[in-house]
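Biologist: Please take a close look at the charged side chains that pair up here. I would like to know how each pair is placed, with the cut-offs stated.

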Amino acid sequence: MLHARPSDVSLVSHTGRWYFPIALIARLPFAMMVVGVLTLVVASRDSVALGGVNSAFVGIGSAIFGPMVGAAADRFGQRAVLVPVGLANAALLGAFPFVVQGTAPDLAVLAMSFLIGASAPQVAPMSRTRLVAIVRQRMAPDRREKVLGGTMAYESAADEVVFIVGPFLVGLLATAIAPWVAVAGASALTFVFVTAFALHPTGKLVVRGATEAAQAPARQLLDPRLVVVVVGILGVGLFFGSTLTSLTAFMEVHGESSQAGLLYGLMGFGSAGLALGSALFPRAFGLGWRWLVFGLVLLGGSVAFALADSVLAVGIVLAVLGFGIGPTLVTQYSLGSARSPVGRSATTMTILGSAVIVGQSLASAVVGDVAERAGTPTAMLFPALSAAVVVLAAVANLVMERRAATR
């Protein structure tokens, strides 16, 4: 049970020591789904195009139903929603290898992929919602801003880790054992850790806080200042998908496709480190300018990625790219939290989380097809296009902030 504690103790004291490990592992299957489905379908049905479409269907399912899951959690509480959704998702992931490797038609496989995305447990946004609620309800007013900044930094770093470790695990398991093992592993992780996350006492705190506050109209989710954040984080998802897919094509050309996941993981070091360190940025370095500055780092690195012609050069560029991703995500989630309509925090965070996986899914499908039709050099241009979306959204955000300040 989550007992009341003095407002001057640490966040870990309020959540309990097991909360963060459980929440970290529970979000891993979400990051494994798109690549796991893609890998299994390609291996079992011998069609890259079909695999790309299936990964896109995972993203479409998440995009349509993810915000509904978040809205239901805002209304009924996270525990009441996450337990049945998590169990359904675990069952679908467990059944998916049998459907793909059996005699079921391609349409049935696509339907399963859509349902997997639709039932994806939105652990990352719900974790953010819980922690923001704890900070706002339990922390002393003079500590809230600093703790909230550190919390958003940690959550973004955790997302960075799982969105890089997830594809790496899928590739490792598929190479070492079999492609179906990655999907089965995601099913097991969902069953155990998503259920544990759902039943953690912190979920009850959010229920209590959510029911006491008046809920803002749903139309406030279409506030342009919030929509621009969604567009920006969609660009990050596009970057993830296009980078991993084009990198895989690049490594296949160099005869080392099995090492694509290892190179992709190089982004995680700088990304997670600088994401955590972003809590130390001075207040004068505002969120809007952070988004633009680190978005430009992402864009510059992506241009260098497109021009790289050796494995060593690609590895160096990926390591540098990591420094742009982490702080960008921290900023976007922080802005999303600040602009969330009253009583719709879980909905807002779920929309942001879904935007990442939608971008990843669509980019994986499109860039994979481009790599087959137009070649690897063309496919390697897409990360730069994705980074351009991030930068343009950052510019639009600054313009909106200036107009709001003027008014």
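Modeller: Arg339 is buried, at a relative accessible area of 11%. Here buried stands for under 20% relative accessible area, exposed for over 50%, and partly exposed for anything in between, with a 1.4 Å probe and protein chains only. The model is a predicted one, in which local features need pLDDT of at least 70 and side-chain atom pairs count only at pLDDT 80 or more, while totals for chains, interfaces and linings use all residues. Residues are numbered from 1 along each chain as its sequence is written, and side-chain values use heavy atoms, with hydrogens and water left out.

The partner of Arg339 is Glu401, and the two side chains form a salt bridge at 3.1 Å, N to O. The term requires a side-chain nitrogen of Lys or Arg within 4 Å of a carboxyl oxygen of Asp or Glu. This pair joins distant parts of the chain: Glu401 sits in helix α18 (residues 382-406), Arg339 in the loop between α15 (311-338) and α16 (345-374), and 62 residues separate them. Helices are DSSP runs (H or I, at least four residues), numbered from the N terminus.

Another is made by Arg45 and Asp106, whose closest N and O atoms lie 2.9 Å apart. Here too distant parts of the chain are linked, since Arg45 belongs to helix α3 (residues 28-45) and Asp106 to helix α6 (residues 106-118), 61 residues apart. Asp106 is partly exposed, at 38% relative accessibility.

The remaining bridge runs between Arg373 and Asp369, again at 2.9 Å from N to O. Both residues are in helix α16, and because they are four residues apart there, about one helical turn separates them. Arg373 is exposed at 69% relative accessibility, whereas Asp369 is partly exposed at 30%.

As background, side chains of opposite charge can pair when their charged atoms come close.

For contrast, there is also a nonpolar patch on the surface, formed by Ile60, Ile64, Phe65, Met68 and Leu362, with about 410 Å² of accessible area together. A patch takes residues with over 30% relative accessible area and no salt bridge, joining like charges within 9 Å and nonpolar side chains (Val, Leu, Ile, Met, Phe, Trp, Tyr) within 5 Å. Areas come from the Shrake-Rupley method with a 1.4 Å probe; for residues, only the protein chains shown count as cover. Helix α4 (residues 48-76) supplies the largest share of the patch, four residues. Ile60 lies in helix α4 and is partly exposed, at 34% relative accessible area.

Note on methods: Helices (H or I, at least four residues) and strands (E, at least two) are DSSP runs, numbered from the N terminus.
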